[in-house]
Structures are given as structure tokens and as C-alpha cells.
Amino acid sequence: MGSNSLYGPIDPATDAGYVDPPPRMGFFTDTSVCIGCKACEVACKEWNLVPDDGFNLLGHSYDNTGGLSANSWRHVAFVEQPFAGDALAEAAGTGTQFLGMPLSDLPGKATPGPRGDFRWLMMSNVCKHCTHAGCLDVCPTGALFRTEFGTVVVQQDICNGCGYCVSGCPYGVIDRREGDGRAWKCTLCYDRIGDGLTPACAKACPTESIQFGELDELRERAARRVEDLHEQGVAEARLYGHEEDNGVGGDGAFFLLLDEPEVYGLPPDPVVATRDLPRMWKRAGLAALAMAASAVVAFAGRRG
Amino acid sequence: MSPRGGGDRSMVPEAEFRSYYGRPIVRPPVWTHDIASYLFTGGLAAGSALLAAGGQATGDATLRRVGRTVTLGALGASTYFLIIDLGRPERFHHMLRVAKPTSPMSMGTWILASFGGVAAVAGAAEFAPLLPSRLLRRVLPPAGDAAGYGAAVLAPALATYTAVLFADTAVPSWNAVHPELPFMFAGSALASGAGVGLIAAPGKPARRMAVLGAAMELAAGHRVEHGHGLLSEPYRQGRPGKLLQAARLLTAAGAAGAVLGRRSRAVSALSGLALLAGSALTRFGVFEAGVVSAKDPKYTVVPQRERLAAKTEVTGQP
Ligand code: SF4
Ligand code: SF4
């Protein structure tokens, strides 16, 4: 292990021991163009043969999936929000376009200016394929591993369902599947990208809200997109998970959001727990010494 | 999306925060109470192994015999709880494919396996006289003595690694208390070992161990319950709060009884029972407090927001 490998910016594939790996691949999910069609959720299920997640009415707007889980590797969040003006629609320049989503106005009513007093936030969530992945760090069997593309994948023939990764993930992504007993999550379509194909979700996304590519290139593209949006008056646009110096050393899948991360169910400042692992072992060592000393003291002065 | 009120009344004003329909952000542990039981039995195995080694060193055969036997039983229970909590119990041996320093569970597996090896030899030595083989009757006791000390050397690691196991997670209230949790668990393990001694062969060493263990557990527990702001809250409220309160009372009563009741075999035994029960409740309380902190997004969002705000203050930029 390199000296950096618990924390800080690194190239995860090189750090994992790959010699001359291919470029790190990832997702840039631009929620400002998401229309909530859930094509990504469906495409992922179909390609990866992911079982259903129950058929529940959650009462969370159009979201009946609820969140990422062992059986949902893409999850489209829906938030209906009071909002003054719709800079995004204005930014589109051409006025209202039918994107297939429910309108807040009467059909055919074409009023100039702001379209209503509320907005939709829609966001397709996914595993972040962290540079410092809590799930991978804590996995005791080696089932979770780093691929040559810098992504994080579970080997299903190794996983024994200990469940440690579930608590290790700062984003609440990976999960143990009921009835199956093993841990499952997004593989960033390891079987597709190895063959030069685009992951199923990105392929199916009709608005290019989900973009797949080399992470460096995606980061540049995302920076330009935020700038454009800011110029167009969408001041609330921001990137999430793109910085290499964040708590997980940069996310392999990052986002453009239109509100605070927690509104979408994302942690505002996640940190991989293993960052503090050396300090934790030190404290445990001290406690162990104190325990041994107590036992010695307890028996001191007594000879058989 | 809107601030949610917590169920419990508290002295701290309800923190303002936003969330996605109040859903958890980090995933609540999939572990069941088996893991809390394991924490207890693992600690008990460690505490009893120290007791046995003490008995061995001071020529107290009763303490040695009881300590080793309880260690063996607790070890069996630990292994059982660990394996049945797996999603694929038949694959438990996959833990032994790798030794991974970044995984406290991997390190713990190796600690438990090594401890188990020596503790089993020490335990078996106690049954040597019953064995049919002359050779075993001759070889086992000295081997058991060496193994007994080996177990005592590994026992503190067994009792404290579980604190790192919990702390090295995204579970907010487990992660936050990482400086004190190993001391709480070490104290709890000592107290439970002392409890065994007080029941089986009360004497000065068991009493001292009871007091030292209880003091360590209570002092560290106090920091866990009060020293971490919002993230200490789950240790004081609701069911985990009640469990830990009961644990504190039992542990304190056990330690007091061990000293004050030293002339009475019955009081000593009751004190031992109280220490054992206190140790078990401590583990269940800590376990459940973590689960509570993972289920409510408040414990993820508010501390992280505060951290961000502090960063902004320092650097002057968001
Ligand atoms: S988001 Fe969670 S599951 Fe995905 S790589 Fe990071 S730690 Fe692992
Ligand atoms: S559940 Fe499987 S993938 Fe997750 S940490 Fe355990 S062995 Fe590794």
C-alpha cells in the first residue's frame, strides 16, 4: 500500500497495483436535464438481471423505488419543491419544451415568463465508485475489488454476506440481498465497459443526463456545464463529488445538482471511515494495554 | 425535505436539516443482535482468559479451571454468533482467504482464530485427567499452561478490536466515539471476566478486576454518552439509552457489591451476575445506538453540515 492509500487524491487503479491501467472511467450525472423517465433504472435491471425491489407506493412523489439497494443500482429521486421562477426553463432559451414530464400548467397554455411556482428535482443516483471506497476497504474476504478502470465491483462467488461493506459505505449504496445473502451494487457494467460498450444506464438515458467516459474528461465537461448554467442564471447549479480532495478522494461517479445534496438523499460531506483507521488502532492498542495492566494489577502481590 | 421532529424530548434544540423524505442516508447495519451477543461473548472469552492466566500464575487452580472453561464456552458461542450472522454462513471460511489490514473484520477473524487455537488447548488441558491416552494426560497440562499465557496475551486484542470494527464504519454514532469505544469494551470485558471469578471463586483478584473493569467501562462510557454532541444523543435516548442506563447501574452495583460484600459468598455471586448482565447490556446498548444513528438522516446531515461550516470559516470559501 502506498502512503496515501487510506486518504487523499490518488489513482485508485495504480494504487491497487495495476501496472499501466487504462484511464479511469466514470459517470457524470447532470440532473439539470433529467426528465425522470427511469429508463436508467429499467436498463440496469434488464442488463444486470436485478430482481424487483418490491412494488410499493411510497408517497414520495413519483419515486416508488425509494433509494439504492441490493436490488436497485440506479435510483431516480423525485422532489417537488416550491420555487420562484424557473431559470432552467428560461435558460433553455426557446421557452417551454415538452420533455415528457408532467407540466405544472394547463396543457397548451403558453404564458411567457416563469411557468409556475414550483419545480421538479430529478436525479439518477448510483454507486460513486469512490477513490477510497469504504466498502472495499473493510471487506474481509476480498470479494470487493478494484478493477483496472478504477471502479469497485463485488465478486459474487467470494462474498459471504458478512455485511461489513453495508456499514462501510458513507453513501448508503451497497446492500445485502434478502434471501440471497450476498452484497450487491452497481458494477459500472464491468462486463460491458471491458468490451468497449457504454454502461446500460448511460446508453438508455434519452437526455444524456447520465454521461459515461474517462473521468478526467467528464470532470472538464462538468466544469464547463456548471459555468454555462451559472451564466444563464441558474445560480443554484453545483457539482457534487468531483473534487479529488473530498472525503473519499473523489467520486468516480459525480453529479450536477440544483440544490443541497441532502435534499436528494446524499450526504453533504462524506468521509471514508478508514481515513481514521490508524488512529483507531492506536486507541485500541492503548485500551488493550490498559486491560492487560489491569489484569496484572488485579493479581499483583499474590503468589501461589 | 423539511426538518423532522425526533421522537424523544431533549434538552438540545431540535436541529434543522433537510433530507429526502426523511429517509436514511447511510444504510442501517444489516447485522442483527447476534453481533451484539458476539461482542459480549468475545469480551467474556477475553476477560475469562485473563482471569485464568492470573489463576495459573498465582497457583489458584479454581480460578484457572473456571476461567479456561468459561473461555472455551464463550469462544464457541462467539464463533456461532459470528457465523450465523453471515448472509452465507457456509462461506465463513472465505474470511480466511486474505489478511487485510484495512478491514478490522479481517484482522478480528485472525485474532479470534489465533486466540481460539490457544484457548482451546488451554481449555482441553483442564480435561486431561479424563482422557484415555497416557501421552495426552502427560503432554496436555504443560501445553495448556503455555497456551493459557498465549491466550492471555491475545485476549486484550480480542476485547478491543471489536471497537475498531464498529468505529470503522459510516454509522455516525459508532464512528464518532472511536477514541473511547475500545476502553469501554476493554472495561466491559474485564468486568465480565471478573463476574465469572466472583461467582466461581471470589477473592481479591476478582474483586480488583471488577473494580478496575467497571471503572474503565463507566469512565469511557461517560465520554461516549456525553462527549460527542449530537452523535452522543442516541446513547442517551430511547431504547439504547435505557439499555445503557441499566448497564451502568448493574456495572456500578456489581463493582460496589464485589468490594462491600466480600464476606458473603451470595453477595459476591450476585455482584458477579450484575457485572455479567451489565457487560451484556452495554454491548446491546452500543449496538442499538449505532443503528438508531444510521436510521435517522439527522445524524448524518447535521454533523456533516457543521463540519462544512467550520471548513468555510477557516478557508473563507465554501
Ligand atoms: S459509494 Fe459506497 S458502495 Fe460505492 S464505491 Fe463508494 S463506498 Fe463503495
Ligand atoms: S458482504 Fe461480501 S462484499 Fe460485503 S464486506 Fe462482506 S464479504 Fe465483502
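Start with the shell around ligand 1: ten of its residues are nonpolar, two polar and two charged. Keep in mind that this model is predicted. The shell has 14 residues in total. Now select A:Cys127, A:Lys128, A:Cys130, A:Cys135 and A:Cys169, which come nearest to ligand 1.

Next, show chain A and chain B together. Select the residues in contact: 84 from chain A and 74 from chain B. How much area do the two chains bury between them? About 6400 Å², with 60% of it on carbon and sulfur atoms. On the side of chain A, pick A:Tyr164, A:Met291 and A:Phe299. These residues lose the most area to chain B, together 13% of what that side buries.

Turn to the charges. Seven salt bridges are counted between chain A and chain B. For one of them, select B:Arg307 and A:Asp269. Their side chains meet with N to O at 2.9 Å.

Now colour chain A by element. Which elements give two or more residues to the side that touches chain B? They are strand E2 (74–82), helix H4 (134–138), helix H5 (164–168), strand E6 (175–176) and helix H9 (277–299). Zoom in on H9(A), which supplies the largest share of that side, 16 residues.

Finish by colouring the side of chain A that touches chain B by residue class. There are 47 nonpolar, 21 polar and 16 charged residues.

How values were computed:
Residues are numbered from 1 along each chain as its sequence is written. Chains are lettered from A and ligands numbered from 1 in the order in which they are written. This is a predicted model: local features need pLDDT of at least 70, side-chain atom pairs count only at pLDDT 80 or more; totals for chains, interfaces and linings use all residues. Side-chain values use heavy atoms; hydrogens and water are left out. Contact means heavy atoms within 4.5 Å. Buried area is the accessible area (1.4 Å probe) that two parts lose on being put together, summed over both. A salt bridge is a side-chain nitrogen of Lys or Arg within 4 Å of a carboxyl oxygen of Asp or Glu. Helices (H or I, at least four residues) and strands (E, at least two) are DSSP runs, numbered from the N terminus. Ala, Val, Leu, Ile, Met, Phe, Trp, Tyr, Cys and Pro count as nonpolar, Asp, Glu, Lys and Arg as charged, and the others, Gly among them, as polar. A residue is near a molecule or strand if one of its heavy atoms lies within 4 Å of it.
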